[in-house]
Structures are given as structure tokens and as C-alpha cells.
Amino acid sequence: MKLSVRIAGLTALAALLATACAPQTSSNSSSDKDEKTGTLRVWLFREVGNDPKEKVVDSVVAGFEKAHKGTEVDVEYIPVETRAQRVKAAFNDPASAPDVMEYGNTDTAGYVKDGGLLDVTEEFGDWSEAKDTDPTAKQSVTVDGKMYGAPFYVGVRALYYRTDVFEELGLKAPKTMDELASTARAIRAAKPDLYGLVVGGAYTYGAMPFVWANGGELASGKGGSYASGIDSPEARKGIEAYASLFGDDNCPAAKCAGMGGNDTISAFAAGKAGMAIGGDFSHTAVEAGKVKGKYAVVPLPGVKPGSIAPAFAGGNNIGVLKSTSHRTLAVELMEQLASKKTQTELFGAMGFLPTYTDVRQRVATEEPFVKPFVQTLSAGTKFVPASPAWAQIDSSLVLPTMFQEVISGKKDVAKASEDAAKKMNTAFGSAG
């Protein structure tokens with residue numbers, strides 16, 4: 001998924017650790033009904049600066065309702081940080097579940113295992129636009145050769161930086177991760193009211209490029225057999241590099257340890273930071289902020305000069321819940337929400353990169369801001385283990401907990417990563 005962990009504060013962390021777990025459901029939640037009228041409930045994620053997204057969706061809904069007399073669409077925008085609890089409740093109680101749902105691409109395998117998503121393989125195959133779907137995006141809705149939704153958008157992260165601050169201080173865009181750290185500290189030293197590089201202890205996919213760039217991996221394996229790699233020497237080097245950015249000389253731990261991805265982008269957009277790691281999907285929020293016209297974007301640098309740090313191949317999907325009593329209508333609405341037309345409009349409204357190769361090529365030639373993100377995609381991206389265990393690992397905040405333990409000084413890198421690896425391996429083992 002575009003999917004970053006966006007949790008504000010250790011109190012929320014503790015509460016989620018106590019309550020969030022993989023939904024326990026069975027296939028008997030499937031509905032045999034296929035009603036052609038009535039109300040369709042839709043859950044979509046609430047973004048930073050959500051109004052443009054709502055306008056695009058409202059247009060889709062209006063057209064859908066006009067074409068289907070007697071049908072109403074009720075759209076609810078839910079916070080990403082509470083999705084685990086909401087989806088768990090929906091899977092356990094079909095009466096409270098939506099018909100159509102946006103979900104992170106990292107959640108697919110877990111949601112399928114829990115019996116929550118409808119198999120739409122046949123409909124996807126008959127959908128004329130689907131043939132132009134990016135193969136990687138298509139894979140994100142595929143489990144054991146079957147399709148469980150439609151790709152909604154693809155997202156990667158790059159480095160946003162303040163051109164006015166860089167010009168004033170005589171700085172250049174960093175070419176390596178070491179330069180990134182030194183540039184961040186130079187900004188903080190010259191302008192103590194700014195974070196140099198705003199970072200977040202709960203910003204998993206802002207942190208992972210540091211692990212990947214240093215040769216670390218989340219896990220290794222395939223199918224039903226995975227083993228955590230977060231405690232390897234290479235991964236530990238990346239964890240240490242990221243954790244070193246939390247200090248008074250850049251981003252004070254007291255303020256930054258609890259930040260998630262939305263928090264860091266909000267800080268940058270508000271003019272409170274010299275740099276931030278943000279996605280193509282962050283563009284609209286930044287444009288709406290105080291730094292409009294005073295920033296640029298480059299790929300996040302890797303360890304070696306001129307290299308690009310591997311980014312998480314994020315993005316979101318749209319799926320139909322197995323419990324829907326409006327199968328035909330729900331699948332059609334899913335296709336309209338994920339259509340080329342809608343994705344083109346969402347790109348214009350939010351900066352979401354389309355999942356269709358032809359549409360993406362077209363918008364990339366029209367909008368210069370897309371270039372660094374396309375470069376990042378071309379340089380090679382990383383994804384989470386294709387295991388249903390990942391939903392549990394993600395919702396249990398294993399990685400944010402690890403980073404926050406290191407940042408707070410509660411544990412050193414070796415101990416925190418060792419404990420995180422144990423939790424991951426337990427989840428992998430229980431998933432089968």
C-alpha cells in the first residue's frame with residue numbers, strides 16, 4: 001500500500017499493540033445474494049489534504065448512481081492508522097462491512113487468508129482495461145493465481161527539499177546517504193527552528209530504504225516459508241543510520257519518535273523542515289502548504305554516490321468484500337473507481353501514479369514532478385514478504401516498535417532487531 005504506518009504517539013502504539021491482530025474469519029461469511037438495488041457502502045482511506053480525492057470519487061459515484069436507478073453509494077473515509085481494527089470488525093461482522101474497500105497492497109495476502117476478499121478473477125479477465133495493468137501492480141492483487149481486487153494506484157517515495165533554504169545556505173541536493181545526514185544537520189545548525197530532515201519513528205516505509213540501501217532485507221523465502229532478515233548485520237547498519245537522525249541536531253526524538261508518514265509530510269508542507277521523504281501521493285498536500293513554489297524532489301540517494309536507495313513499491317488496491325449482497329454492482333463500482341479515467345483524474349487531483357502503463361507514460365510526459373518517482377521505480381523497488389503473516393506484522397507495529405525502542409534508548413540496535421526478528425518469525429510460523 002501507499003501504504004506507510006501513520007501512528008501518532010506511543011500511547012496509540014500501546015493501544016494498537018494490545019488490540020490489533022489479524023482478523024479471524026471463515027469462508028462462511030460469503031453472501032449468496034446479488035441484489036441489483038439498494039445501498040453500496042464504500043470505505044476509502046483519508047489522505048492528507050483529502051478534499052481533491054473526495055471530488056474525484058464524488059464524480060464517479062454520481063455517474064454510477066445515475067446509471068443504476070434505485071442504487072445509492074455511501075462513501076466513508078477511514079483513517080489509515082485504525083484500518084486494522086475496522087477491517088477486523090468488518091470481516092467478523094458482515095452486517096457492518098462495506099461492499100467495496102480500499103486497502104494497502106501489503107494487506108492482500110492476509111485479507112485473502114482471512115476470507116474477507118471476493119475472488120474477482122473472472123471479472124478481471126473480462127475487463128477490457130485490465131490488460132494494460134502494470135505487471136507488478138497486478139501481482140499486488142494476486143494470491144495463488146487468483147485476483148482479489150483491482151490496483152488503484154502505485155506509490156514510491158523520494159526526497160523533497162526546500163530550494164529556498166538550500167540556496168540560502170549554499171547547499172546542494174545530497175548524492176549519498178552520508179551527505180543526506182550531514183546536509184540535514186547543516187540545515188538544523190543554521191536554522192534551529194527547522195528540522196533538517198524530518199523523520200518519524202512510526203514511518204516504516206520512510207525508514208526501510210536505509211535498510212535496503214545497506215544491503216538488508218525484511219525477510220527471505222517464498223510461499224509459506226519466510227524467515228526474518230531484519231537482524232542481519234546489513235539491516236542493523238541501516239537501522240542505525242536511520243535512528244541516528246533522531247536527535248537535537250536534526251529531528252529531536254521527543255517530537256519525532258511518534259511521527260508517521262503523514263506527520264512528516266505535514267511538517268514539511270507547513271514549512272517546518274528542510275527535507276522530507278515523501279511519496280508521489282504527497283505532492284498535492286505539499287502544493288497546498290506554505291512551501292508551494294519553494295521545493296523540489298529528487299530520488300532518495302543510496303549509499304554509493306549517484307545511486308538511488310531502493311524504495312518500497314507501495315500503492316493501494318480496491319477490492320470487493322466476500323460478504324457483499326450486491327456482487328455485480330460492487331464489482332462494477334470497483335472497476336469504475338479503478339478505471340483509467342478515474343486514475344487519470346486522481347493523478348491530477350492527488351498525484352497518485354496510475355497503475356496502467358499507458359496512462360502512466362502519458363502523465364509522466366505532462367507533469368515534470370513525476371520524473372524523480374519514475375526514476376525511483378526504474379532503479380528497482382522492494383516489496384514486503386508475500387505472506388499472510390505480513391498483515392499481522394504490520395498491524396502489530398513490529399517495525400515501528402523496533403525503531404522507537406532504538407530511538408528512545410530503551411534497547412540497542414542488536415537487541416531491538418533481534419526481538420523484532422523473533423516476532424516476525426513467530427508470525428511467519430503461525431501463518432503456515
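Trainee: In what sense do strand 1 and strand 2 pair, and over how many bridges?

Mentor: Strand 1 (residues 38-45) pairs with strand 2 in the parallel sense, over eight bridges. Pairing asks that DSSP find at least two bridges between two strands, so eight bridges qualify. Strands here are DSSP runs of E with at least two residues, helices are runs of H or I with at least four, and both are numbered from the N terminus.

Trainee: Before we go on, what kind of model is this?

Mentor: This is a predicted model, in which local features need pLDDT of at least 70 and side-chain atom pairs count only at pLDDT 80 or more, while totals for chains, interfaces and linings use all residues. Residues are numbered from 1 along each chain as its sequence is written, and side-chain values use heavy atoms, with hydrogens and water left out.

Trainee: What makes strand 2 and strand 6 edge strands?

Mentor: They belong to an open sheet of five strands with the order 2-1-3-14-6 and mixed pairing. Strand 2 (71-78) and strand 6 (150-155) each pair on one side only, and that makes them the edges.

Trainee: How do you know that R86 and E76 form a salt bridge?

Mentor: A salt bridge needs a side-chain nitrogen of Lys or Arg within 4 Å of a carboxyl oxygen of Asp or Glu. The side chains of R86 and E76 have an N to O distance of 3.1 Å, so they pass. This pair links distant parts of the chain, with R86 in helix 3 and E76 in strand 2, 10 residues apart. In the whole structure, 22 salt bridges are found.

Trainee: What makes E335 stand out?

Mentor: E335 is buried yet has no salt bridge. Lys and Arg count as positive, Asp and Glu as negative, while His and the chain ends are not counted. The nearest side chain of opposite charge is R327, 9.6 Å away, and the limit is 4 Å, so no salt bridge forms between them. Leaving aside neighbours within four places in sequence, E335 is in contact (heavy atoms within 4.5 Å) with E123 and W127.

Trainee: D144 and L397 are not glycines, so what do their phi values look like, and are they buried or exposed?

Mentor: D144 has a positive phi of about 50 degrees, and L397 has one of about 55 degrees. D144 sits in the loop between strand 4 (142-143) and strand 5 (146-147); at 78% relative accessibility it counts as exposed. L397 sits in the loop between helix 18 (389-395) and helix 19 (398-408); at 3% it counts as buried.

Methods. Buried < 20%, exposed > 50% of the residue type's maximum accessible area, 1.4 Å probe, protein only.
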